[in-house]
Amino acid sequence: MEIDRTTENETEIENEESEQIIEVPLPPGLPQSVIGRLSCVCDIGYEIKKDEMMDKEYPIIRGTQEQIDYVKDYIFLFTELKLALREISRLARRFKTDVKLFTEDDELQYVLGFAVQDVSGRDRFEVLMEKPEGEGEKIVILEREFYVYL
């Protein structure tokens, strides 16, 4: 029986390419708290690089292509979610009420769990595992929905 060596070599090259560590510069204005959370959650490297020619510093993330793609999705979701939670927190403080959050999306529930920790007034928030009684306000962020109960 003969073994096809070219197929084995091609598979090894593809595996090496997928495991190759790449660096991607982050967009300006991304909050440090978002970057810190993403580096912990997505297991990527984070570093500040200095461009000697332009005399500027810029943040980069370092990881495999798969990790970088995962992080890009989380950056958009986490940033939009924090903006929405900031507005909800502002209203909760104004009306002196507690807020309960619920979603059926497991990934969004996970992100909600640590996004709430980065919002001022986080003591007013509770992320629920089961859908409560009554009507909640549906909020859609990047085609994912969660409900706010007062």
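A word on the model before we start. It is predicted, so to speak of local features takes a pLDDT of at least 70, and side-chain atom pairs count only at pLDDT 80 or more, while totals for chains, interfaces and linings use all residues. Residues are numbered from 1 along each chain as its sequence is written, and side-chain values use heavy atoms, with hydrogens and water left out.

**Overall layout**

The chain has four helices and seven strands. These are DSSP runs numbered from the N terminus, with helices being H or I of at least four residues and strands being E of at least two. Going along the sequence, you get the pattern α-β-α-β-β-α-β-α-β-β-β. Of the 150 residues, 30% count as buried. Here buried means under 20% relative accessible area, exposed means over 50%, and partly exposed is in between, with a 1.4 Å probe and protein chains only. The areas themselves come from the Shrake-Rupley method, and for residues only the protein chains shown count as cover.

**Helix α3 and what follows**

Helix α3 covers residues 65–94, and at 1.5 Å a residue its 30 residues should span 44 Å; the end C-alpha atoms are 44 Å apart, which agrees. The expected span is 1.5 Å times one less than the number of residues.

Just after α3 comes Lys96, with a positive phi of about 50°. Lys96 is not a glycine, and its place is in the loop between α3 and β4. With a relative accessible area of 68%, Lys96 is exposed. Glu143 is another non-glycine residue with a positive phi, in this case near 65°. Glu143 sits in the loop between β6 and β7 and is exposed at 80% relative accessibility.

Back in α3, we find Glu66, which counts as exposed at 66% relative accessibility. Glu66 also belongs to a negative surface patch, together with Glu19, Asp69 and Asp73. Patches are made of residues with over 30% relative accessible area and no salt bridge; like charges are joined within 9 Å, and nonpolar side chains (Val, Leu, Ile, Met, Phe, Trp, Tyr) within 5 Å. Lys and Arg count as positive and Asp and Glu as negative, while His and the chain ends are not counted. Each charge is placed at NZ of Lys, CZ of Arg, CG of Asp or CD of Glu.

**Salt bridges**

How many salt bridges does the structure hold? There are nine, a salt bridge being a side-chain nitrogen of Lys or Arg within 4 Å of a carboxyl oxygen of Asp or Glu.

| Acidic residue | Basic residue | Closest N and O atoms |
| Glu47 | Arg62 | 2.5 Å |
| Asp55 | Lys50 | 3.4 Å |
| Asp105 | Arg144 | 3.1 Å |

Take Glu47 and Arg62, which form a salt bridge. Glu47 lies in strand β2 (residues 45–51) and Arg62 in strand β3 (residues 56–63), so the pair ties together parts that are 15 residues apart in sequence. Both ends are partly exposed: Glu47 at 27% relative accessibility and Arg62 at 30%. The two residues also take part in a network of salt bridges that links Glu23, Glu47, Lys49 and Arg62.

In the Asp55 and Lys50 bridge, Asp55 is exposed, with a relative accessible area of 57%, whereas Lys50 is partly exposed at 43%.

The bridge between Arg144 and Asp105 links distant parts of the chain, 39 residues apart: Arg144 is in strand β7 (residues 144–149), and Asp105 is in the loop between β4 (99–102) and α4 (106–115). Arg144 is partly exposed, with a relative accessible area of 23%, and Asp105 is partly exposed at 26%.

**Other contacts across the sequence**

Which loop holds Leu128? Leu128 lies in the one between β5 (125–127) and β6 (137–141), and is buried, with a relative accessible area of 11%. Its C-alpha atom is separated by 6.6 Å from that of Lys100, 28 residues apart along the chain.

Glu104 has its place in the loop between β4 and α4 and counts as exposed at 63% relative accessibility.

Terms used
Accessible areas come from the Shrake-Rupley method with a 1.4 Å probe; for residues, only the protein chains shown count as cover.
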